[in-house]
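Hi everyone, thanks for coming.

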Amino acid sequence: MKYVSTRDRMRTYTAAEAIVKGISDDGGLIVPSSFPVLNEAKFDALLGMDYPERVASILADYLDDFSFEELLGYANKAYSRFDGDPCPVVKVDDGLYMLELWHGPTCAFKDMALTLLPHLMVASKRKLGDDCRTLILVATSGDTGKAALEGFRDVEGTEIIVFYPVDGVSAMQKRQMITQRGKNVHVAGIKGNFDDAQTAVKKVFTDPDAVARLKARGIEMSSANSINWGRLAPQIAYYVSAYCDLVNAGEIEQGERINFVVPTGNFGNILAGYYAYRMGLPVHKLIVASNANNILTDFFSTGSYDVEREFYKTMSPSMDILVSSNLERLLFEVMGRDSVKIREIYAELAETGRFELDLSELDLSVFEAGWASEEETKETIATFFDLDEEGYVLDPHTAVAVSVYNEYSLETDDETPTVIVSTASPYKFACDVYNAIAGAHEKDPDKAVTKLQLFTAAECPSAIAELDSLPVRHTTVIEREDVKKAVFDFVAGE
Ligand SMILES: *Cc1c(COP(=O)(O)O)cnc(C)c1O
């Protein structure tokens with residue numbers, strides 16, 4: 001399978017190149033040139049597999065420079081770091097399920113891909129005969145940073161720097177990052193929001209001077225952000241796997257369509273769902289759920305994408321994003337893979353902060369979109385907990401999805417079986433979750449963890465329980481203009 005750039009269809013890459021590069025030289029995103037087909041035979045085989053096998057089987061069709069056995073080896077390594085089933089489907093009501101993607105080392109869905117990516121990346125470099133060290137640069141809105149640090153920690157031949165917005169992540173997320181262990185890890189706060197951090201990091205990637213100076217030191221940059229194909233591809237697997245689990249459990253018939261509701265920020269998670277749909281997974285609706293930063297809700301209802309708007313800090317910080325990078329990949333698909341047009345609208349976006357498309361010309365029929373305010377999110381956490389005796393505890397991101405789904409189902413009476421994609425452990429956001437459920441005002445995250453445990457009897461993951469005993473190892477905070485300088489300070493000894 002060949003890969004192409006969204007901004008130049010003639011520019012092709014192999015899978016290994018796509019994973020090592022992260023982003024195309026022309027600033028476009030790297031996408032598969034076609035979608036492998038999930039036919040009945042393939043589907044039947046997947047039903048009988050465990051999760052690492054399903055991942056390897058799906059990836060083998062995309063990453064054809066890798067063998068199934070090789071991929072299975074990496075998947076087994078990656079998913080052995082999870083606590084039990086890597087992505088259980090939990091029934092919470094008739095026809096309503098939670099796909100829990102947070103049983104990995106950092107308790108958020110980013111682990112689903114970031115435990116696997118380092119293996120794919122190191123192997124890709126080997127295949128390309130590339131003996132440069134890889135420098136992973138990450139801009140994080142909270143969860144990616146920690147998951148990337150854990151994934152790449154002490155991986156031979158790699159170095160990782162994570163930039164997070166100092167005041168834009170939860171107390172728990174920040175603590176997870178600044179206590180990170182590992183010989184090859186660096187963490188810096190940026191004064192600014194996530195978009196500032198992402199823009200600054202992207203700039204270094206495409207800065208010819210930075211590229212050349214690093215190269216002279218035997219270092220190449222790559223990305224672990226969800227623009228990297230090696231991040232996106234593994235995420236396709238859990239959509240297919242959830243579907244298989246529902247068939248195996250007798251909850252749905254094979255071939256029956258289902259909905260997925262996805263709490264969305266950078267559009268990576270839901271895009272993987274769209275790719276699964278394009279491969280033939282029977283999907284009725286993919287519901288894009290946003291928080292108060294609802295640029296995507298506006299885009300899907302009007303065709304206008306306008307980043308010149310107020311930025312809100314919410315209790316679902318991993319979705320506090322205005323520029324949803326992976327939307328470019330969707331637009332490429334629904335605009336007839338016309339890379340000239342994509343180049344035009346992204347040039348317009350860079351220049352004016354907006355673009356507008358005629359929705360009637362695009363096939364977005366599988367998508368629905370909605371958003372939840374902070375008040376609605378809080379209310380949803382509380383009412384969902386009170387729904388039944390078990391008291392299912394939602395994290396704020398997942399609560400956004402549930403709130404949007406509730407509204408959708410009221411408006412449409414759609415009774416299609418629905419999977420809510422649950423993206424984080426509630427303990428990662430213990431203060432907001434506890435306060436919503438108990439009507440309290442706890443501000444100390446450690447106390448909130450303890451109280452939430454007592455109040456709900458939901459189990460606290462050990463990765464979070466141990467946090468308050470770990471020493472702080474990373475204290476650097478920089479201006480957003482100084483990202484490039486920080487890179488060289490950290491890794492090049494200048
Ligand atoms: C990253 C993240 C999201 C958003 O996912 P995207 O792929 O950026 O759309 C949602 N919830 C949580 C908990 C996350 O960490």
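Let's start with strand β4, residues 89–93, which gives the most to the lining of the largest pocket, with three residues. Keep in mind as we go that this is a predicted model. Helix α7 and helix α20, residues 462–465, also supply at least two residues each to that lining. The pocket itself holds about 790 Å³ of space. In total 38 residues line the largest pocket, and Trp102, His103, Ser425, Glu459 and Pro461 are the closest to its centre. If you sort the lining by class, you get 16 nonpolar, 10 polar and 12 charged residues.

Now turn to the second largest pocket, with about 650 Å³ of space. Its lining has 23 residues, and those closest to the centre are Thr199, Lys202, Val323, Leu349 and Ala350. Which helix has the largest share of this lining? That would be α9, with five residues. Helix α9 spans 194–205, and α15, at 339–352, also supplies at least two residues. By class, this lining has nine nonpolar, seven polar and seven charged residues.

So much for the pockets; on to the cavities. Searching the whole structure turns up three cavities of 30 Å³ or more. The largest cavity has a volume of about 260 Å³. Around it are 27 lining residues, with Phe109, Lys110, Gly265, Asn266 and Ser318 nearest the centre. The class count for the cavity lining is 10 nonpolar, 14 polar and three charged residues.

Let's stay with α12, my last stop. Helix α12 covers residues 268–279, and its axis comes within 10 Å of the axis of α14, residues 327–334, crossing at roughly 30°. Angles under 35 degrees count as roughly parallel, so α12 is roughly parallel to α14. The crossing is left-handed. Who meets whom there? On the α12 side we have Leu271, Tyr274, Tyr275 and Arg278, and they meet Arg329, Leu330, Glu333 and Val334 in α14. By class, that contact has five nonpolar and three charged residues, with no polar ones.

Conventions: Residues numbered from 1 in each chain as written. Predicted model: local features only at pLDDT ≥ 70, side-chain atom pairs only at ≥ 80, totals over all residues. Heavy atoms only, no water. Axes fitted to C-alpha atoms, helices over the stretch in contact; angles between N-to-C directions. Helix = DSSP H or I, 4+ residues; strand = E, 2+ residues; numbered from the N terminus. Parallel < 35°, antiparallel > 145°, perpendicular 65-115°, else oblique. Left-handed = near helix turned anticlockwise from the far one by under 90°. Contact = heavy atoms within 4.5 Å. Nonpolar A, V, L, I, M, F, W, Y, C, P; charged D, E, K, R; others polar. 1 Å grid on protein atoms, 1.4 Å probe; cavity = no way out; pocket = protein on both sides within 12 Å on 5 of 7 lines; lining within 4 Å. Points joined across faces, edges and corners; volume = space filled by probe spheres on them.
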